[in-house]
Amino acid sequence: MNPLLAHLNAPQLAAVTLPPVHALILAGAGSGKTRVLTTRIAWLISTGQVSPPGILAVTFTNKAAKEMQTRLAGMLPINVRGMWIGTFHGLCNRLLRAHHRDAGLPQLFQILDSADQQSAVKRLLKSLNVDDEKFPPRELCHFINAQKEQGLRPAAVEAWDDWARKRVGLYEAYEAQCQREGVVDFAELLLRSYELLERNEPLCRHYQERFRHILVDEFQDTNKLQYKWLKLLAGGGANLFCVGDDDQSIYAFRGADVGNMADFEREFKVTNLIRLEQNYRSHGNILDAANAIIKNNPSRLGKNLWTEAGSGEPIRVHEAYGEGDEARWIVEEVKALQRDGHTRAEIALLYRSNAQSRALEHALFNAGLPYRVYGGLRFFERAEIKHALAYLRLIANTDDDTAFARVVNFPTRGIGARSLETLQDAAKAANSSLHAAIPQVGGAGGAKLAAFAQLIVTLRDAAHLPLPELVDHVLELSGLRAHYRNEKEGQERLDNLDELINAAASFVAEEGTPDPDGEITGQYGNDLSSFLAHASLEAGEHQAGEGDDALQLMTVHSAKGLEFNVVFIGGLEDGLFPHENSMNEDKGLEEERRLMYVAVTRARQRLYLSFAQTRMLHGQTRYNLPSRFLDEVPEELVKWLTPRAGKGGFAMQDSASGSYGSAGASSYGATPRRSESSGGSGFRIGQSVMHAKFGLGVIINAEGSGSDARVQVNFGNAGMKWLALSIAKLEAA
DNA sequence: TGGGAGTGCTTTTTT
DNA sequence: AGCACTCCCA
């Protein structure tokens, strides 16, 4: 047996070795989803069914993409760096850099993150004299992104009244502004690359022919546009292999559409639907609870997790008076767990909304327990870092008005609102960028602006320096360092700025390499612009001390994909979890329930659920009922740590390698070579075959020789078969 | 320019 | 309650 395939269970094996057909893998929590995805890629490559450039693998987070690359690198002796494995946004960026001309973008186009986008919108409203009470920038951004995520340009958006028409007009003006400034927001990355392929037939055909196998992770989280993008790329006969879990779809609120799973099944006539239901993570009671909860959702594709592990411990439920009591109880419980030998890093405190972390942090701080809060400001989102990046962006592109506006008077150089207004008017009149309009401003303000323009020129002169030195140079000449040195609490910010130099240095060392398949995709641009793209696309985790043994605090959303030995889910109250705002939404409760399902399935060994009778929220004390999700956990799985709540005050119930890359460098000596045949029959592992009755299949194993030769074939939905070559009529397909 | 007072918002979030 | 943001005055 191919060692790649060892240790896979039957459905995993079936999925990994599927013949070249479209497939939908329903992968339950903890069922080995990433493993299937990466092993599938390794299998396809090592059996010679596809070469690495023929693979396109898409994920949602950088973390997931990196994980896939790392694991793949461990399975195959190939350079995974050049492969098209990445996030939707990262891959689109790559595509647009390579074909920036065809996409109508400057080579060094910059990427706006959400905050940049909002300030760009604010600036736009101001320049058009639009009342931002009537069109709140935040809401306008949402609207614009939502349109783009449905693939709609302004002309295609329907508007029935004046206000809606005005809004579409602003969308249009925003696009024009971005185009003039040479910047692109996140949704634009997707839409622009979709349109690029859709309109440029030869280019589209090139990529369609190149990518033979497209694999998608977390497919339930794709939005409409992402699905269209995938369909377009798969339009040339590539095989789409989508892995997802409808029960873990928790991002509908930002445009994810689980309906894509059903659409995919229908539109691609998917007959190969494989369920991965064996869970390798949690003990039985935890899984039973999760199954019982999610069973209450109607429209599911259907799936039931099971485990070979025992039932394990009961699920512990605790009732507290207020959020402070809840937090103190958790602290005591954590201390007890530590005494029993649990490490803090293996304990997670999950909550529905960020505001809940405060009470927990307070109690943990008082108890002196180290903890780490996920979420919140990340490195590249810090103000001082964004300031420094803005100077770098101006070096790359002086027309980037967002960057210009951010730092033209930071550190302050006496360029006030008046001068800026004059400048904005001049820019608008000349339809130019702010930077380009500087010569037209006279007076004292004009002189100061000219000095700023001179500063940018001086900085640009240093653009040839190695990136880390350039960053250092910018920090010094811009006056940022001096500014923070004079600030009382500036030391941390200075440290962060120094850290930015380190980030630049390690970026150059690790990723600053040019695209390996340069003749097709062109080059990325220079170090500076790829570093800036990196900063936008990968904001970076914020807190240091990753290696420290600290409790893990995070929202349920950010816990998706993670697992812990012990999990506390706090604030299980109606109104909080499920959240009251979700109740008005269509299908809101179902998404909350999936969220609860995700939360529960994070736990390996022990799960605590807790709620409080009163909770301070928005400055007011609220009295909540226990969460309805608590009632959905079967009683027999539960151990109440406090007298059981609800039902009338009960008493305490205590109770492949040779086919590609450096030949022979395989780490798997036994991996069949591409040239090897099975028993001299002319067939080889990985070969697609056709059988009169079972249809298309792929050979995954072989034994015997001559008249005894037998091969194992995966026929997809027709199953896995051993066939004697002397009897079965197999034809190469 | 910067600080103090007043105002409004507050589910979840990656890229 | 706590935070970000704006506005106004010295």
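1. Start with two helices. Lys224, Tyr227 and Lys231 in α10 meet Asn260, Asp263, Phe264 and Glu267 in α11. By class, the residues of this contact are two nonpolar, one polar and four charged. Keep in mind that the model is predicted.

2. Now the geometry. Two packed helices are described by the angle between their axes and the distance between the axes. Helix α10 covers residues 224-233, and helix α11 covers residues 259-267. They pack at an angle of about 25 degrees, and their axes are 11 Å apart. Angles under 35 degrees count as roughly parallel, so α10 is roughly parallel to α11. The crossing of α10 and α11 is right-handed.

3. Turn to DNA strand B. Of the atoms of DNA strand B within 4 Å of the protein, sugar and phosphate make up 53%. The surface near DNA strand B has five nonpolar, 16 polar and four charged residues.

4. Look at side chains facing DNA strand B. A polar side-chain atom of Arg352 is 2.5 Å from a base oxygen. His89 has a side-chain N or O atom 3.2 Å from a base oxygen. For His579, the partner is a sugar or linking oxygen, 3.1 Å from an N or O atom of the side chain.

5. Last, DNA strand C. Arg358 places a polar side-chain atom 3.4 Å from a sugar or linking oxygen of DNA strand C.

Conventions: Residues numbered from 1 in each chain as written. Chains lettered and ligands numbered in written order. Predicted model: local features only at pLDDT ≥ 70, side-chain atom pairs only at ≥ 80, totals over all residues. Heavy atoms only, no water. Polar contact = N/O pair within 3.5 Å; in protein donor to acceptor, adjacent residues only side chain to side chain. Axes fitted to C-alpha atoms, helices over the stretch in contact; angles between N-to-C directions. Helix = DSSP H or I, 4+ residues; strand = E, 2+ residues; numbered from the N terminus. Parallel < 35°, antiparallel > 145°, perpendicular 65-115°, else oblique. Left-handed = near helix turned anticlockwise from the far one by under 90°. Contact = heavy atoms within 4.5 Å. Nonpolar A, V, L, I, M, F, W, Y, C, P; charged D, E, K, R; others polar. Near = heavy atom within 4 Å.
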